[in-house]
Amino acid sequence: MAGGMPDRNFLYGVFQQVDKDRSGAIDARELQSALSNGNWTPFNPDTVKLMIAMFDKNQKGTINFEEFGALWKYVTDWQQCFRSFDQDGSGNINKNELRTAITTFGYRFSEQFFDVLMKRFDRSGKGCIYFDDFIQCCISLHNLTQLFSQHDNDRDGIITVSYEQFLHMVFSIRV
């Protein structure tokens, strides 16, 4: 299954299992109950909503079978990525593993900022980030970077914005 899309019949079977109310669409609650972050705790509802919003083309708060196929591939790719950075095989990512992952993605941050990321995305308070929160961390960084880039016309990593522009940026982004 790695690399490509799984068989359509297999995927439809999974879709039907997840679509508990047989509505033909999957909402955030149904998706959350189907996802696992590997530590027997519910998948972060904010991450689930973020992913639904990414694949919900008609903005109804649900995903249909076609959108589910794209989301399935997305989650599977993130799972492989997560496992590749979970160097000790613990099922979570510690600060060193997070630093390796984020740096591999091309970001350059200070040690203090990695502390901020850990504090923000370590919901368990155990000094580690689980799969669901890792996805949310990476999506958030990506979205915020895109927003910043729209204002960084000379690409020097510095922007000048008014307070109102800043608030507009913060309130318009999904993180």
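## Basis of the values

Local features in this predicted model need pLDDT of at least 70 and side-chain atom pairs count only at pLDDT 80 or more, whereas totals for chains, interfaces and linings use all residues. Residues are numbered from 1 along each chain as its sequence is written, and side-chain values use heavy atoms, with hydrogens and water left out.

## Aromatic pairs

The structure holds 17 aromatic pairs, where rings of Phe, Tyr and Trp (its six-membered ring) pair if their centres lie within 6.5 Å, and planes under 30 degrees apart count as stacked, over 60 as edge-to-face and the rest as tilted. One of these is the edge-to-face pair of Phe15 and Phe68, with 5.5 Å centre to centre and 65° between the planes. Because Phe15 belongs to helix H1 (residues 8–18) and Phe68 to helix H4 (residues 65–85), this pair ties together parts that are 53 residues apart in sequence; helices are DSSP runs (H or I, at least four residues), numbered from the N terminus. Phe15 is buried at 4% relative accessibility and Phe68 is buried at 2%, buried meaning under 20% relative accessible area (1.4 Å probe, protein chains only).

Phe55 and Tyr74 also form an edge-to-face pair, their ring centres being 5.3 Å apart and their planes at 65°. Phe55 in helix H3 (residues 45–55) and Tyr74 in helix H4 are 19 residues apart, and their pair links distant parts of the chain. Phe55 counts as buried, at 13% relative accessibility.

## Ring cluster

Ring pairs join Phe55 and Tyr74 into a cluster with Phe43, Trp78, Phe82, Phe85, Phe105, Phe131 and Phe134.

Conventions. Helix = DSSP H or I, 4+ residues; strand = E, 2+ residues; numbered from the N terminus. Buried < 20%, exposed > 50% of the residue type's maximum accessible area, 1.4 Å probe, protein only.
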